[in-house]
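Here's a quick tour of a protein model, written for someone who would rather look at the structure than read a table. Keep the viewer open as you go.

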Amino acid sequence: MAIRLPLVKTLGVCLALAFSASALAADQPITIKFSHVVAENTPKGQGALKFKELAEAALPGKVDVQVFSNSQLFGDGKEMEALLLGDVQIIAPSLAKFDRYTKKLQIFDLPFMFDDMDALDRFQSSPAGQELLNSMQSKGIQGLAYWHNGLKQMSTNKDQLTRPEDIKGLKFRIQASDVLEAQFRQLGANPQKLAFAEVYQALQTGVVDGAENPWSNIYSQKFHEVQKTIAVTNHGALDYMVITNAGWWDGLPEDVRAALKTAMAGATEHANKLAADINERDQKRIEEAGKAKIQTLSKRDIAAWRDVVRPVWTQFSDQIGEDLIAKARAANQE
Ligand code: LMR
């Protein structure tokens with residue numbers, strides 16, 4: 001992949017430029033495909049629809065924003081390549097899915113790094129967080145915004161899920177992230193990287209015993225119907241970086257790019273305002289559905305989980321950088 005990137009990037013730039021130039025020449029609207037892997041009734045799903053609404057209102061007849069949800073156009077694994085090839089213009093992968101492109105974003109996967117979503121928001125808005133939006137430019141990727149989802153909860157097909165030792169030996173689906181792999185190894189579980197679209201079936205058939213996701217993803221994908229217990233661990237965050245093909249973005253007419261930036265800012269505000277409410281609502285819906293038990297944990301239990309996974313920080317501190325870790329930690333104290 002490392003060898004193919006420059007070629008992929010150049011190809012992406014050429015395709016994108018040729019495409020937007022011909023669209024402009026023929027006075028055709030610029031097609032902007034926005035592909036993602038979650039349902040529409042999630043923070044990311046709602047953000048993508050808001051972006052379409054705002055962009056098309058600001059640029060009537062000039063842009064045609066097409067939103068594809070639920071991995072219907074490209075799933076995990078394919079969407080990044082599609083972006084680099086110019087087959088899709090905007091995607092919003094979870095921050096866990098970038099470690100092939102930059103090690104810096106691994107900061108967001110460190111377990112128990114952020115005390116709550118406000119701390120995460122402060123870090124993302126800080127100069128260090130904003131700089132990370134540009135950390136993949138050399139790979140042809142431009143970050144446009146961070147979008148929130150929420151804190152992750154552990155779920156399994158077992159009745160007992162309060163202590164870290166309860167997941168020893170269990171198979172867990174993880175996102176494509178080396179930090180998350182290390183987290184589950186530290187817990188004595190067996191992590192397995194799987195695309196989001198495959199999770200329901202993997203849980204249902206017992207290919208894996210458990211997973212970690214925010215309430216909104218658990219509910220909208222019906223994971224609670226194929227899990228027995230969901231523990232309120234809040235052990236990490238699942239947020240997104242909205243990204244675009246840097247060559248395509250730079251090749252847009254300046255007024256179009258400026259209007260799209262404003263539309264993205266509006267969509268970001270919308271998605272981030274909704275995220276907490278959607279997760280709260282979906283936690284309640286899961287409770288009401290009565291399929292999986294929601295297990296609350298004591299402070300002592302949470303501390304036990306925290307202690308077991310803490311060595312993961314040291315394991316990745318060289319790749320991420322001690323300075324960045326210190327800045328992220330500082331966001332908890334403000
Ligand atoms: C996952 O793979 O579990 C999530 O990243 C899916 C998503 O986009 O929220």
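Is Asp76 buried or exposed? Asp76 is buried, at a relative accessible area of 17%; buried here means under 20% relative accessible area, exposed over 50% and partly exposed in between, using a 1.4 Å probe and protein chains only.

## Before you dig in

This is a predicted model, so local features need pLDDT of at least 70 and side-chain atom pairs count only at pLDDT 80 or more, while totals for chains, interfaces and linings use all residues. Residues are numbered from 1 along each chain as its sequence is written, and side-chain values use heavy atoms, with hydrogens and water left out.

## The five-stranded sheet

Start with the open sheet, where 5 strands line up as β2-β1-β3-β10-β4 with mixed pairing. Two strands pair if DSSP finds at least two bridges between them; strands (E, at least two residues) and helices (H or I, at least four) are DSSP runs, numbered from the N terminus. At the edges sit β2 (63-68) and β4 (141-151), each pairing on one side only.

Further in, β3 (residues 90-91) and β10 (residues 237-245) run antiparallel, joined by 2 bridges. Look for Ile90 and you'll find its bridge partner in β10, Thr244. Helix α10 (residues 254-289) packs on this sheet and touches β1 (30-35), β2, β3, β4 and β10, where contact means heavy atoms within 4.5 Å. The direction of α10 makes about 15 degrees with that of β4; axes are lines fitted to C-alpha atoms, for helices over the stretch in contact, and angles run from 0 to 180 degrees between N-to-C directions. Helix α4 (residues 117-125) lies across β4 and β10, at about 170 degrees to β4.

Elsewhere, β5 (residues 153-156) pairs with β8 in the antiparallel sense over 4 bridges, and Met154 stands opposite Glu212 of β8. In a regular strand, side chains alternate between the two faces of the sheet. You can follow that in β8 (residues 210-213): Gly210 and Glu212 point one way, Ala211 and Asn213 the other, and all are buried.

Helices α11 (residues 299-309) and α12 (residues 311-320) pack at about 35 degrees, with their axes 4 Å apart. Asp307, Val308 and Val309 of α11 meet Pro311, Val312 and Trp313 of α12.

Next comes α13 (residues 322-330), where Leu324, Ile325 and Ala328 are buried. They sit on the same side of α13 because they cover an arc of only 100 degrees around the axis, taken from the directions from the helix axis to the C-beta atoms. The buried residues of α13 pack against α4, α5 (127-131) and α12.

## Salt bridges

The count comes to 14 salt bridges, each a side-chain nitrogen of Lys or Arg within 4 Å of a carboxyl oxygen of Asp or Glu. Back to Asp76: its side chain meets that of Lys97 in one of them, at 2.9 Å, N to O. Lys97 is in the loop between β3 and α4, and Asp76 in the loop between β2 and α3 (79-85), 21 residues apart. Lys97 counts as buried too, at 16% relative accessibility.

Lys193 and Asp178 also meet in a salt bridge, at 2.7 Å, N to O. Lys193 lies in β7 (residues 190-193) and Asp178 in α6 (residues 178-186), so the pair ties together parts that are 15 residues apart in sequence. Lys193 is partly exposed at 38%, and Asp178 is partly exposed at 30%.
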